[in-house]
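Please consult the sequence and the coordinates alongside the text.

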Amino acid sequence: MRPVGLVATASYLPERWMTAAEVAAASGIPEDVIVEKFGLRGKHVAAADEHVSDLCVRAAERLLEETGFDPKEIDVVMYYGSMWRDYAVWQSAPHIAYRIGATNAFAIEYDNVSHGTPIALRVARDLLRAEEELKNVLVVAGCRESYLLDYTNERSRFMFNFGDGAVAGLLRGDETRNEILGSHALTNGAYSLQVKVPGGGSVEPEGYRFLDVQDPAEMKGGLDQESLPNFVAAARGAVERSGLALEDVAFVCPLHTKRSMFRALLSELQMREDQAVYLDDTGHMSGVDSLLGLDRAVRDGRVQGGDNVLLLSAGTGYTWAATVVRWGGATT
């Protein structure tokens with residue numbers, strides 16, 4: 001089967017950093033709870049005129065500049081980030097491709113949420129495997145969901161860690177370096193209506209325009225029982241499809257969660273905190289987190305050649321997803 005490698009990554013974070021103290025002041029939640037329970041020292045917030053496409057372009061341009069890669073060699077530009085973009089009904093991928101000079105690429109996107117990275121890598125890998133004339137796929141994701149938060153709405157308080165940023169990754173066919181191995185995902189659609197922006201769609205065209213939770217108690221009660229086992233099931237499925245076992249994983253890049261979930265997840269995976277990235281200075285950024293974590297870990301020298309890296313995430317809907325990358329040396 002055709003190997004596909006993740007040959008480069010890059011990220012972009014807006015200049016403004018909103019501290020835990022500011023989140024506490026806006027929400028009325030004590031600062032120590034924001035830091036210790038939410039696991040948030042602060043998060044980046046986009047400027048008023050800095051939109052999802054702008055964030056993605058900055059990340060993609062950084063990748064192209066660092067690698068010297070010619071954007072005309074990109075065959076596909078895939079956007080997979082936050083569903084809330086520059087315009088309500090609009091595709092960002094063509095606009096991003098145009099702005100970075102990927103004039104020979106076709107643009108695709110799938111509207112996704114927090115489980116975006118593992119599935120994006122899976123889809124891009126499979127596209128390169130299915131069509132051998134394709135050589136290079138650029139995946140990009142952005143999040144500006146800090147602007148969807150109503151800090152007075154207690155129903156949505158678990159989302160007060162949402163911040164803004166973007167990430168980009170370049171996948172190449174017939175490449176064994178940083179090879180993308182197995183993936184796995186599972187969904188429980190019973191939670192599909194729980195988290196949403198109620199207004200702006202056909203059901204409630206003029207409704208509430210911020211993120212809301214339909215029934216926080218019901219959602220928490222269910223997910224408290226399911227989330228950890230399903231994270232582990234997604235991880236186990238991905239490593240098994242990679243021909244590995246969980247003990248073969250050297251490093252994990254999860255989405256940002258509260259500290260207790262982060263520690264419980266590592267315990268279940270039998271991994272230490274120094275084998276993971278915890279994004280307590282960015283918070284959660286929709287589908288961005290896992291690839292941002294990998295980008296950081298590689299740049300910091302925490303991932304070495306030959307390491308099996310688990311990218312693990314989950315998103316409202318509710319889907320848990322994982323993908324394994326066998327890192328073959330720093331490329332960023």
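Q: At what angle do helix H6 and helix H7 pack?
A: This is a predicted model, in which local features need pLDDT of at least 70 and side-chain atom pairs count only at pLDDT 80 or more, while totals for chains, interfaces and linings use all residues. Residues are numbered from 1 along each chain as its sequence is written, and side-chain values use heavy atoms, with hydrogens and water left out. Helices (H or I, at least four residues) and strands (E, at least two) are DSSP runs numbered from the N terminus, and axes are lines fitted to C-alpha atoms, for helices over the stretch in contact, with angles from 0 to 180 degrees between N-to-C directions. The axes of H6 (residues 216–241) and H7 (residues 259–269) are 10 Å apart, and the packing angle is about 45°.

Q: Which class of orientation do H6 and H7 have to each other?
A: Angles under 35 degrees count as roughly parallel, over 145 as roughly antiparallel, 65 to 115 as roughly perpendicular and the rest as oblique. H6 and H7 are therefore oblique.

Q: Which residues of H7 are met by H6?
A: Contact means heavy atoms within 4.5 Å. H6 contributes Ser227, Leu228, Phe231, Val232 and Ala235, and these meet, in H7, Met261, Ala264, Leu265, Glu268 and Leu269.

Q: How many nonpolar residues does the contact of H6 with H7 have?
A: Ala, Val, Leu, Ile, Met, Phe, Trp, Tyr, Cys and Pro count as nonpolar, Asp, Glu, Lys and Arg as charged, and the others, Gly among them, as polar. Besides one polar and one charged residue, the contact of H6 with H7 has nonpolar residues numbering eight.

Q: At roughly what angle do the axes of H3 and H4 cross?
A: H3 spans residues 52–67 and H4 residues 93–100. Their axes come within 10 Å, and the crossing angle is roughly 40°.

Q: Which residues of H4 make the contact with H3?
A: From H3, the contact draws on Ser53, Asp54, Cys56, Val57, Ala60, Glu61 and Leu64. The partners in H4 are His95, Ile96, Arg99 and Ile100.

Q: Is valine 77 buried or exposed?
A: Valine 77 lies in strand E4 (residues 76–79). Buried means under 20% relative accessible area, exposed over 50% and partly exposed in between (1.4 Å probe, protein chains only). Because its relative accessibility is 0%, valine 77 counts as buried.

Q: How far apart in space are methionine 271 and valine 249, C-alpha to C-alpha?
A: Methionine 271 is placed in the loop between H7 and H8. Not counting residues up to four places away in sequence, methionine 271 touches Val249, Ala250, Phe251, Val252 and Leu266. Methionine 271 and valine 249 are 22 residues apart in sequence, and their separation in space is 8.7 Å.

Q: Which side chain does a polar contact of 3.3 Å join to that of aspartate 295?
A: Aspartate 295 lies in helix H8 (residues 289–299), and its relative accessibility of 1% means that aspartate 295 counts as buried. A polar contact is a pair of N or O atoms within 3.5 Å; within protein, one must be able to donate a hydrogen and the other to accept it, and residues adjacent in sequence count only if both atoms are side-chain atoms. The side chain joined to aspartate 295 at 3.3 Å is that of serine 11.

Q: What is omega of the peptide bond that joins glycine 317 and tyrosine 318?
A: Most peptide bonds are trans. Tyrosine 318 is in the loop between strand E12 (308–315) and strand E13 (319–326). The bond from glycine 317 to tyrosine 318 is cis, with omega of about 5°.
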